[in-house]
Amino acid sequence: MNIGWLTLLLLLPFVGAIATMLVPKAKALLSKQVALGFSLVTLVLAAVIAIGYQQNGAADYAESHTWIEAFGAHYALGLDGVGVVLVVLTALLTPIVIVASWNDAQNGRWSEKSFFAWILGLEALSIGVFAATDVFLFYVLFEATLIPMYFLIGGFGGAQRSYAAVKFLLYSLLGGLLMLASVVGLYVLSARAGDPSYLLSDLVKLDISQNTERWLFLGFFFAFAVKAPMVPFHTWLPDAAAEATPGTSVLLVGILDKIGTFGMIRFCLGLFPNASEWATPVVLVLALISVLYGALVAIGQTDIKRLIAYTSISHFGFIVMGIFALTSQGLTGSTLYMFNHGLSTAALFLVAGYLISRRGSARIADYGGVEKVAPVLAGTFLFAGLSSLALPGLSPFISEFMVLAGTFSRHKVLAVIAVVGIVLAALYILIMYQRLMTGPVRDGIDKLKDLNVREVAAIAPLAVLIIGLGIFPKPVVDIIKPAVESTMQRVGVTDKAPEIPVTEGQK
Amino acid sequence: MIAQILPLADFTAPKIEYGELAPLLVVFGAACVGVVAEAFLPRPLRHMVQLAITAVSVIVAGVLTAMLMSEKKELIAAQGAISVDGPALFTWIILLALTLISVLLFAERSVDGGLSAFAGQAAAVPGSEAEREGTAAKVEHTEVFPLTLFAVGGMMLFASANDLLVLFVALEVFSLPLYLLCGLARRRRLISQEAAMKYFLLGAFASAFLLFGIALLYGYAGTMSLGGISDVLASDTGGEALLLAGTGLLGVGLLFKVGAVPFHSWTPDVYQGAPTPVTGFMAACTKIAAFIGLMRVFYVALGGSRWDWAPMMWIVAILTMVVGSIVAITQTDVKRMLAYSSIAHAGFLLTAFVGVAQAANGVHNGITSTQAVLFYLVSYGFPTIGAFAVVTLVRDAGGEATHLSRWAGLGKKSPLLAGIFAFFLLSFAGIPLTAGFTGKWAVFSAAWTGGAWPLVVVAVLSSLVAAFFYIRVIVLMFFSDLPADSPDVALPGWQTTSAVALGLAATVVLGLVPGPVLDLAARAGEFIR
């Protein structure tokens, strides 16, 4: 039965944000508990919805109400496999970030509670973005997510936070406004065909001429490429991630950037299938450049958070490659990658944040021999790093493998070159680990405290999921598969038949 | 005998549709009553009475207009001089609503030690003994209220003028009171008087252009009425040179009032110098009236020669957007920044105007240019007055602290005020869920619907540049430390509070549920002739 589950899911964090703000300033602890409580309830509800989705299908969750009739805009929410995975990821990472950032907002520009209220606000808007089935609603929420993130970076980050926040905002707005032009174009096409409507289900029926489709595609793609971020539109990410608190960075890279790759699947492939196919060569090359360039630059970083930000650029290269390889394996892999990347990068950012907050410096050169002083911290860091470099047995490995295999079946040369990215990943993670954790104990490191219970508690669910999905990814893959198949159908491509098919006997 | 000399028998009284023109008559009549009251009432009573006359007449006119709208009466009234059609009525309503808010600001006396924002005696030399005495005796200029009524009456007439001469008369009727109002600031009187002088000279210059254009068009068409010119254009009797020159000169005069580049140079100086409540009134209401006047003339009278004027308007629209947003970046004064922002907004409005999305141009589905422009004017007017109302509250010993550097750290001092101002700025920047976004969306889609998609691309890029300077102010207010000698935030009286609250409410509502106002704008339909 449909009782507006998704609206409920969207409202819950909003109410939480308001409730958090209403707590008196003096009771900082209470405000944090309120925020955590709301995020946990949201997680439970998201889980219920995900389970319901798997059992009963998407129809139970679709909602649609006319919002602005003159624009053809609807308040329409709905789920598909990709959306479910990202909604769950959002609901999962938020409480983790709240626990991990428990004391990070004390030195902010504003009260502690506002940090947590902004986080909940961001969660609500992100869930809306992943669930919107109306392009206008999507656009509105897409742009609205910038506001909480802007204040999270600008209010609670490092010394250069204002600069980083403005840079983030302007880059995102540039992409967003070009997308606005395309969104307006969609309206015009839809109005010409009859009654204007922004519902995805109506827009896919539009007959768009080749040139128009390509221009509109470019508007959307540019916005998503900035968001994802892909080289050469990536320079805002390292600044933003380095200046923000680790928790904010997790939300930024783990959730907000996923909107870019999510949008590529749902809107670029969904609305402009022919233009997407037309753009494939260029996009794939850009993705490959992102993979290699991100990894190479990561190796050269001297700042821990910047390094992790560049690893993400490399990972996003893989995701985009999987999407535009246009094979079911690649698409499934990419969607899974979005989820797994959220987990592993969250772990890496948070542990790095623990380390940085203890020493008070993000420079790699300031560290050495941490593993002798704080073995648990070093161990979790190594685990998070290994998951980031896609060690077999951990969940990112499966998605990276699927992306590469999916790409290989169609674009052999690209896939072969992209494999170098895996080697580079091993380099940037292991070199960082070596410099930070091994060797003689540096000055200032000798009194480093090991992780406390709260910090371990924040990382533990991530570790469990990374290992669990590394061994048994089937539940998530099952959710993603149908959505991928319908997208493939929409684009009108089928997987290439393998050159050496598996025969019954070999199975 | 007498009848032979004076052909009395041929004289028929002009038919005046009093019912349809009632809103105009109420406003003008109240303005005259205000002048009389100013002459005969004792000084202590004047403020109260004038405020009452103004507010009541504006509200009555608004109610009458609303009744006309609900009756859906559309006609050319007063022997073809005034066109009371959907767009005109819609414009009247928003003009009256915004005037009411502005009048509240004019009446505010609690932010500046019990005195209004206007000079006690405009004739007293700045810094003189007479001025000090006047201030000490709390002398006030209550003439601002009838002046405002004349201005708004002129604007209403301007937006509904169906005849070029009426257009010109209306222009002068609303311009002259504005010139006066600009020069009446209590603080910084020299810069205020300078602004009035500049505005007057440049305005007179623009009026001359307009008049010359009207003369040439008359030479071309042999008629002053908009419909008549359109008929002549349709039958195309030649005389292209007169038509083109007339169109160009008329365009200069109208674009001057709109504040479009390259006829914008008065805007920043006048906005900065004028008393802030007047600036808010001008920024919102003048723009509305001027824009509707511009559209009416070009759509109704000159629609047939669209291909002659469209290229010019394309260039003006692009220049206005680009120059408005880029030059705004370099501004260091809040009021000047808002002035350039209003120029950029004029550019966004022009995109919809140039798009000509209307049935006459083969557009039958979706949003029309008129609808988009009407909506945009609403979504721009309310935050504008609200923003200027906020500006009146940030004060130091010398009056309003309008230099941007003085706004640093305002978010610490008064989070509520800074938050509201930030919200207005976000609306100007066109961030979703604010009125500005819906407005932008409407004009962009109207432009594209009419085929002007390159303008849309320029517009979104200009929006980005514009967003930069709005966000810079937000950064300044929230991300900077509070200096030791920061200006005070005056405690507003109910007048300013309600002006800000109304602006804020409109900005939120138009951002979240713009449907009703959009429908109303759609119901307004097209200009009739």
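At what angle do helix α3 and helix α21 of chain A pack, and how far apart are their axes?

**Entry 1, ground rules.** I note that this is a predicted model, in which local features need pLDDT of at least 70 and side-chain atom pairs count only at pLDDT 80 or more, while totals for chains, interfaces and linings use all residues. Residues are numbered from 1 along each chain as its sequence is written, and chains are lettered from A and ligands numbered from 1 in the order in which they are written.

I looked up α3 (residues 81–100) and α21 (residues 474–491) of chain A and found an angle of about 140° with axes 7 Å apart, the axes being lines fitted to C-alpha atoms over the stretch in contact and the angles running from 0 to 180 degrees between N-to-C directions. That makes α3(A) oblique to α21(A), since angles under 35 degrees count as roughly parallel, over 145 as roughly antiparallel, 65 to 115 as roughly perpendicular and the rest as oblique. Taking contact as C-beta atoms, placed from the backbone, within 7 Å, I listed A:Gly81, A:Val82, A:Val84 and A:Val85 on α3(A), which meet residues of α21(A) including A:Val476, A:Ile479 and A:Lys481. The residues of this contact divide into nine nonpolar, one polar and one charged, where Ala, Val, Leu, Ile, Met, Phe, Trp, Tyr, Cys and Pro count as nonpolar, Asp, Glu, Lys and Arg as charged, and the others, Gly among them, as polar.

For chain A I recorded 21 helices and two strands, both being DSSP runs numbered from the N terminus (helices H or I, at least four residues; strands E, at least two). Of its 507 residues, 62% count as buried, that is, with 20 or more other C-beta atoms within 10 Å of their own. Residues 24 or more positions apart account for 81% of the contacts in chain A with a separation of 6 or more.

Strands β1 (residues 63–68) and β2 (residues 73–77) of chain A run antiparallel and are joined by five bridges, and strands pair if DSSP finds at least two bridges between them. A:Ile68 has A:Ala73 in β2(A) as its bridge partner, and among the four residues between the strands A:Gly72 takes a positive phi near 70°.

I counted 29 residues from chain A and 27 residues from chain B in the contact. On the chain A side, α5 (135–144), α6 (146–156) and α7 (161–192) each supply at least two residues, and the largest share, 16 residues, comes from α7(A). By class, that side has 21 nonpolar, four polar and four charged residues.

Definitions and conventions:
Buried ≥ 20, exposed ≤ 12 C-beta atoms within 10 Å, placed from the backbone. Contact = placed C-beta atoms within 7 Å.
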